[in-house]
Amino acid sequence: MLPLAELQHRVRQAVVAADDRAIAPLLVGGGDGRTRLGIHRRHYHTSLATAVIERFPATGWLAGSALVSDAAQAFVVAHPPSRPCLAEYGEEFPAFLAARVDAAGLPYLRAFADLEWQIGRLSLAVTAPALTLADLQSIEPSRLADLSLALQPDVAYVHAPWNLDELMRIYLSDRAPDRFVLRDEDVRLELRGARGGLQITRLERAVFVFREGVQRGQALADAAMAACEADSAFDAGGALSSLIADGLLTAARAPGKDGEA
Amino acid sequence: MAGIGLRLPHLMEIAATCPPVEWVEIHPENFLANPHATELLLEVSRRYPVSVHTVGISIGSAEEIDLEHVNRLRRLVDAVDPVLVSGHLAWSTHGGAYLNDLLPLPYTAEALRVATDHVRQVQDALGREYLIENPSTYVGFSTSTMGEAEFLSELAARTGCRILCDVSNVHLSGHNMGYDPYEFLDRLPPGAIGELHLGGFTPEDDDASPGAELLVDTHATPIAEPVWQLYAHALRRFGAVPTIVEWDNDLPPLATLLQEASRAGAVRDQALESHHAAAR
């Protein structure tokens, strides 16, 4: 008897890749078991492609629904989900979409779709209680340089080579201007979006480098050093204070013995 | 109890308005990566009994189940403290891919061993009983050596899990695969039935059999009349088992679901009353 693993491999081939030759002789039900198995194939493709399309409505608005829909159909074959939570599915779609021949004339598409992915991800987040200056007072000054900080889960940092934030604001406002000029421009954005709220803020280069580095887990001194390289006038103390004032800081941990705030 | 499947578009309304419904059931996979929805769910769980109905635990997969997913589920279950936790007699993962469907199993000794091991693992990890739902079936395998009712009954006997009997699936599968749904219900062990489901389906032309109709488990329509009759039979056989009305696609206003749940309650009362009267 065919081992279960081999049977499931053959069903997967039929469902994902539409190749039912190997499983067909084993199917029973109705006049043709392959037609019946086709219900599962249809569900796989329709449900996942719909999930991807619904995750990127602004990208569809920008690039055209046909392009995004065709790409989503191909994406679900090339990149089946690896986890059952569909809210986590589609992070690779912007790169996949941008690599398609029919997207070749839209060099900004990947960055715009990446921006939309981040906005969608943040909309599901909630905020955690923020640390205050008083919470940091238990940490010895000598250990501040090595401090690792955790930021709110509803914040993301996005660097784009065009003014895509303006384009996204147009989409979100549901108003189409007569004319829009996409400019080559280094745009560094802080996105916040807990509970469906959304704020898009442009940051100065050094502040972006600092905050993005902190979020990636860089030690405070390393993030500040990188920010100083971006702008020699960078004020590390002021940047740390503004993180606290903006309610972004949720935890601070010094390496070694006792340091958690 | 008669309740509804609670889907994300209705979550905020339920949390804000607290409509009269006896219990609700959620798919944890809609919440595990959605902290905002989880926050609302915890509010709901303080007001209603909640059941957790998984769609992503692939107990029929030949490969190992995703223990990371089970552990995430465990954390949600601990927070919600549901009255029931359930899943499906199906598989959905293979080779690291999640196929987003409840795929059919061959009913063989090997599949029974695999499902038994996985149900035990899930029950151990969750520290509570797991219920397994009968699938909606369009296609089977010539390698099967037992029937679905026999397979489910044996799985329940081996693991101590109970059976979530989806009455609509019994009707649909009986129609599609050519068996009597009443006889199917009569073959299930009454003491093992822990929950009932009702859901809508959509008839389609059966392409391979001109003139024939296939029923597809869309959860996009009201419950069909023959399913209400089969539901009454299930209640007379299994007793007052808690019931959930599911609706997942083309989601109607919440009031429509509440009406369906209300009808389930009325059918239950009538079926049990006539059953008791006949017994007297």
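**View 1. The interface of chain A and chain B.**
In this predicted model, 47 residues of chain A are in contact with 49 residues of chain B. The two chains bury about 4,000 Å² between them, and 61% of that area lies on carbon and sulfur atoms. Six salt bridges are found across the interface, and 20 residue pairs, both members at pLDDT 80 or more, are in polar contact. On chain A, the elements that give two or more residues to the side touching chain B are α1 (4-17), β1 (27-28) and α2 (33-55). Of the elements of chain A, α2(A) gives the most to this side, with 11 residues. The residues on this side of chain A divide into 27 nonpolar, 13 polar and seven charged.

**View 2. A strand pairing between the chains.**
β1(A) pairs with strand β8 (residues 140-141) of chain B in the antiparallel sense, over two bridges. A:Val28 has B:Gly140 in β8(B) as its bridge partner.

**View 3. A salt bridge between the chains.**
The side chains of A:Arg195 and B:Glu39 meet in a salt bridge at 2.6 Å, N to O. B:Glu39 belongs to helix α2 (residues 35-45) of chain B, and A:Arg195 to the loop between β4 (184-192) and β5 of chain A. B:Glu39 is partly exposed, with a relative accessible area of 31%. A:Arg195 also counts as partly exposed, at 36% relative accessibility.

**View 4. Strand β10 of chain B and its neighbours.**
Seven of the seven residues of strand β10 (residues 193-199) of chain B are buried. Strand β9 (residues 162-166) of chain B pairs with β10(B) in the parallel sense over four bridges, and B:Ile163 stands opposite B:Ile193. β10(B) also runs parallel to strand β13 (residues 243-246) of chain B, joined by four bridges. In that pairing, B:Gly199 has B:Glu246 as its bridge partner.

**View 5. The surroundings of B:Arg7.**
B:Arg7 sits in the loop between β1 (2-5) and α1 (8-17) of chain B. With a relative accessibility of 5%, B:Arg7 counts as buried, because the cut-off is under 20%. Its side chain makes a polar contact with the side chain of B:His27 at 3.4 Å. Beyond its neighbours within four places in sequence, B:Arg7 is in contact with residues including B:Glu25, B:Glu246, B:Trp247 and B:Leu251.

**View 6. Helix α6 of chain B.**
Nine of the 11 residues of helix α6 (residues 167-177) of chain B are buried, among them B:Val167, B:His171, B:Leu172 and B:Asn176. At the start of α6(B), a side-chain oxygen of B:Asp166 reaches to within 3.0 Å of the backbone nitrogen of B:Ser168. Just after the helix, B:Gly178 takes a positive phi of about 80°.

**View 7. Salt bridges within each chain.**
Over all chains, the structure holds 31 salt bridges. The side chains of A:Asp165 and A:Arg202 meet in one of them, at 2.6 Å, N to O. A:Asp165 lies in helix α8 (residues 164-173) and A:Arg202 in strand β5 (residues 199-202) of chain A, so the pair ties together parts 37 residues apart in sequence. A:Asp165 is buried, at a relative accessible area of 2%, whereas A:Arg202 is partly exposed at 37%. In chain B, the side chains of B:Arg263 and B:Glu225 form a salt bridge at 3.0 Å, N to O. This pair links helix α9 (residues 254-279) to helix α8 (residues 225-238) of chain B, 38 residues apart.

Methods
Residues numbered from 1 in each chain as written. Chains lettered and ligands numbered in written order. Predicted model: local features only at pLDDT ≥ 70, side-chain atom pairs only at ≥ 80, totals over all residues. Heavy atoms only, no water. Contact = heavy atoms within 4.5 Å. Buried area = accessible area lost by both parts, 1.4 Å probe. Salt bridge = Lys/Arg side-chain N within 4 Å of Asp/Glu carboxyl O. Polar contact = N/O pair within 3.5 Å; in protein donor to acceptor, adjacent residues only side chain to side chain. Nonpolar A, V, L, I, M, F, W, Y, C, P; charged D, E, K, R; others polar. Pairing = 2+ DSSP bridges. Buried < 20%, exposed > 50% of the residue type's maximum accessible area, 1.4 Å probe, protein only.
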